[in-house]
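Please read it alongside the sequence and the coordinates.

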Amino acid sequence: MEFTWPMMIICILIISSLRIADIIKNQKKVIFYREILTLFFMIYVLCLFQIVTFEDPLVSSLDQRFNLIPLREILRYPFGSRLFVKNVIGNLVLFMPYGFFAMYFTKMDNKYYAFSLIAFASITIETTQLAIGRIFDIDDIILNIIGGMIGYGIYRLLTKLGDSLPRIFLNKWILNIISLVLTGILVGYLWMVVV
């Protein structure tokens, strides 16, 4: 987190200033909750980039640069151990936002399309990691796809819930207020972590 928060602040300020300039220049209508989701997606992609490309001392000391045997690394760690949480749960959670955002922005609610986008992103990351001296791991791809599909399921669930809610809850103003509250909670949490 010590390396991530400065990048996040810089990115938020630069992206927000460019978006505000675009809105002012082109006199665009602002829908705050959509702006917040777009900003969160950009920050997520930048943090994902940082996580998957930073040099891990454990990885750089290994001779083996790829694992093509499914479940080999997943089953290597004792359930609930620190390494299990970092490697298995971490890869699942890492791609959950991608599954959600991929469907939110494309509006193509199709499990095969979601699977294709998630698999493509995960394979691209693993191949890039191999090219920069990290490990290509088939288990990471499996876990990323499962995590991404969970994110897709969350998108589907929220869409179904949204369809069943009274219209008042789908009003732009209500969604904007919810976005502000959630953003405030997230900023407060990040502030506590950083300070």
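Phe95 and Tyr98 are both buried, meaning under 20% relative accessible area, where over 50% is exposed and the range in between is partly exposed (1.4 Å probe, protein chains only). The rings of Phe100 and Phe101 have their centres 5.6 Å apart with planes at 75°, so this pair is edge-to-face, and these two residues are buried as well. Rings of Phe, Tyr and Trp (its six-membered ring) are paired if their centres lie within 6.5 Å, with planes under 30 degrees apart counted as stacked, over 60 as edge-to-face and the rest as tilted.

By this rule there are ten aromatic pairs. One of them joins Phe95 and Tyr98 and is tilted, at 5.5 Å centre to centre and 50° between the planes. Because they are three residues apart in helix α4 (residues 82-106), Phe95 and Tyr98 are separated by about one helical turn. Ring pairs also link Phe41, Tyr44, Phe100, Phe101, Tyr104, Phe105 and Tyr155 into a cluster.

## Basis of the model

This is a predicted model, in which local features need pLDDT of at least 70 and side-chain atom pairs count only at pLDDT 80 or more, while totals for chains, interfaces and linings use all residues. Residues are numbered from 1 along each chain as its sequence is written, and side-chain values use heavy atoms, with hydrogens and water left out.

## Course and end of α4

Helices are DSSP runs (H or I, at least four residues), numbered from the N terminus. With 25 residues, α4 reaches 36 Å from its first C-alpha to its last, close to the 36 Å expected at 1.5 Å a residue, the expected span being 1.5 Å times one less than the number of residues. A kink of about 40° in α4 is centred on Gly90, where the bend is the angle between axes fitted to the seven residues ending there and the seven starting there.

Lys107 follows α4 and has a positive phi, near 60°. Lys107 also lies over the face of Tyr104, at 3.8 Å from the ring centre; the criterion is NZ of Lys or CZ of Arg within 6 Å of the ring centre and within 35 degrees of the ring normal.

## Helix α1

Helix α1 has 23 residues and reaches 32 Å from its first C-alpha to its last, close to the 33 Å expected at 1.5 Å a residue. Thr4, Met8, Cys11, Ile15 and Ile23 are buried in α1, and the helix is followed by Gln27, whose phi is positive, near 50°.

How values were computed: Helix = DSSP H or I, 4+ residues; strand = E, 2+ residues; numbered from the N terminus.
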